[in-house]
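Subject: Structure for you to look at

Hello,

Here is the structure I said I would pass on. Please open it first, then read the notes below it.

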Amino acid sequence: MKATFPQSILLVQQADAVQSELVSSLEKLGMSVLAIADCSTAMVGFREEDIDIVMVDIDFPDDRGIDLLGKMAADPRELPLIGVSRRKSLADVVEAVRHGATDYLMLPPENLDVIRHVIDRAVERGALKRENLAYRTKLENANRDLLESLTLLQQDQQAGKHVQQLLLPDTPKQIGGYSFCHFILPSLYLSGDFVDYFIVGEDHAVFFVADVSGHGASSAFVTVFLKNLFARKRSDFLHRGSTAILSPAKMLAIANRELLEMGIGKHVTMCVGAFDLKCHQLCYSVAGHLPAPAMAVDGKAEFLPEHDMPVGLFADAEYSDHMITFPPGAVLTLFSDGILEVLDSDTLEEKELKLLDILGEGESMSTGLAKTFGLLEIDEAPDDIAILVVCRL
């Protein structure tokens, strides 16, 4: 959306014929001009007057114009700042931008259209800068909330378990023509395994399964981070039109970058999926998750192909989206690797074949699978175990 053209402007410029011409041009554009020819008093007008945009002459002696730009750029209002100069110098442009100018105008301007274009561009860039600042502040607040959540988890494991359970989605839950359900068995009070699923807009449902390295409070903290990340990107879809939430590969890349920036030494294996509820297609991406997601159709279960690197290990990790059709009656089942610990087969290949045999029976409830694997009778699990089952009704 195009930003509104400003109504009032503060012009800080040496008094001469060029200034008079510029004031006249700005007034022809319908702007109210506050012209100040003295740098020493310009900050008073900048702070006290109701202005929308500022032009500063960088040709003042002793770099006073440049210094003034820097002071104005530090103001929390983040007003658009335009540097103006009679000199045709690229170095002047770079210096003005370095000190906070959002755009630059060579004097004298060729015509009104040039001035209008520079002002429009400065306003749009200023609006984008403020928006980015707002989102950076939002992210900082979210990270602070995450750290507070971590403190809570560390202080009271039992309270932390309750908090973590509150973050989990309802089970079972129907979204469009699909049923989602989950089961989580933690090896401690707090689990490093997590699942989530939710509707996005009217036509999509997104889910993920995450298995965080390690156990306890620090691993549970990462599950809180992931819940928050997906909630933020869902909000971005609803309020900003961002489609990142619909691309599992993009979500994994974002999670990878932000987890590395946290520097907490944790990595995550994940599977993220996005269902198109109208076309009945599944877009998915797998980040080192074992065992692989398995889809059962007509009594036969197969693992989904294509795997990428885990999240939080490598800055240059790349993730890819894969698309498959999801037919009526199909069942998608995802486990964390803890399920492999409770299977009595000797090799990984034998355990995976056993999983496929069981899933081929078409069980569509996570609690049913938990009963099949004897998870309901386990007092102390050797590892966190998570199950997510999605079926098309």
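A residue is called buried when its relative accessible area is under 20%, exposed when it is over 50%, and partly exposed in between (1.4 Å probe, protein chains only). Before the findings, please note that this is a predicted model, in which local features need pLDDT of at least 70 and side-chain atom pairs count only at pLDDT 80 or more, while totals for chains, interfaces and linings use all residues. Residues are numbered from 1 along each chain as its sequence is written, and side-chain values use heavy atoms, with hydrogens and water left out.

Overall form

The chain has 10 helices and 16 strands; helices (H or I, at least four residues) and strands (E, at least two) are DSSP runs, numbered from the N terminus. Its radius of gyration is 29 Å, well over the 21 Å that the globule rule gives for 393 residues, so the chain is more spread out than a compact globule. That radius is taken over C-alpha atoms, and the globule rule is 2.2 Å times the number of residues to the power 0.38. Along the principal axes, the C-alpha trace spans about 90 × 45 × 30 Å.

Of the 393 residues in the chain, 50% are buried. The chain exposes about 18400 Å², and carbon and sulfur atoms supply 51% of that area. These areas come from the Shrake-Rupley method with a 1.4 Å probe; for residues, only the protein chains shown count as cover. Among contacts (heavy atoms within 4.5 Å) with a separation of 6 or more, 69% are between residues 24 or more positions apart.

Salt bridges

How many salt bridges does the structure hold? There are 14, where a salt bridge is a side-chain nitrogen of Lys or Arg within 4 Å of a carboxyl oxygen of Asp or Glu.

One of them joins Arg-86 to Asp-16, with the closest N and O atoms 2.7 Å apart. Arg-86 lies in the loop between β4 (81–85) and α4 (90–98), and Asp-16 in the loop between β1 (8–12) and α1 (17–28), so this pair ties together parts that are 70 residues apart in sequence. Arg-86 is partly exposed at 26% relative accessibility, and Asp-16 is partly exposed at 30%. The two also belong to a network of salt bridges that links Asp-16, Asp-57, Asp-59, Arg-86 and Arg-87.

Another salt bridge is between Asp-75 and Arg-77, at 2.8 Å from N to O. Here Asp-75 counts as buried, at 16% relative accessibility, whereas Arg-77 is partly exposed at 32%.

Arg-116 and Asp-113 also meet in a salt bridge, 2.8 Å from N to O. Both lie in helix α5 (residues 112–155), 3 residues apart, which is about one turn of the helix. Arg-116 is partly exposed at 34%, and Asp-113 is exposed at 52%.

Nonpolar cores and aromatic rings

A nonpolar core is a set of buried Ala, Val, Leu, Ile, Met, Phe, Trp, Tyr and Cys residues joined through side-chain atoms within 4.5 Å. The largest has 56 residues, and those with the most contacts inside it are Phe-230, Met-270, Phe-275 and Leu-332. Apart from that core lies another of 24 residues, among them Ala-294, Leu-356, Ile-358 and Leu-369.

Rings of Phe, Tyr and Trp (its six-membered ring) pair if their centres lie within 6.5 Å; planes under 30 degrees apart count as stacked, over 60 as edge-to-face and the rest as tilted. By this rule there are 9 aromatic pairs. Tyr-178 and Phe-326 form a tilted pair, 5.8 Å centre to centre with 45 degrees between the planes. Tyr-178 is in strand β7 (residues 178–185) and Phe-326 in the loop between β14 (322–325) and β15 (331–335), 148 residues apart. Both residues are buried.

The ring centres of Phe-207 and Phe-275 are 5.7 Å apart and their planes are at 40 degrees, so that pair is tilted. Phe-207 lies in strand β9 (residues 204–212) and Phe-275 in strand β10 (residues 268–276), so the pair ties together parts 68 residues apart in sequence. Phe-207 is buried at 0% relative accessible area, and Phe-275 is buried at 0%. Ring pairs link Tyr-178, Phe-180, Tyr-197, Phe-207, Phe-275 and Phe-326 into a cluster.

Regards
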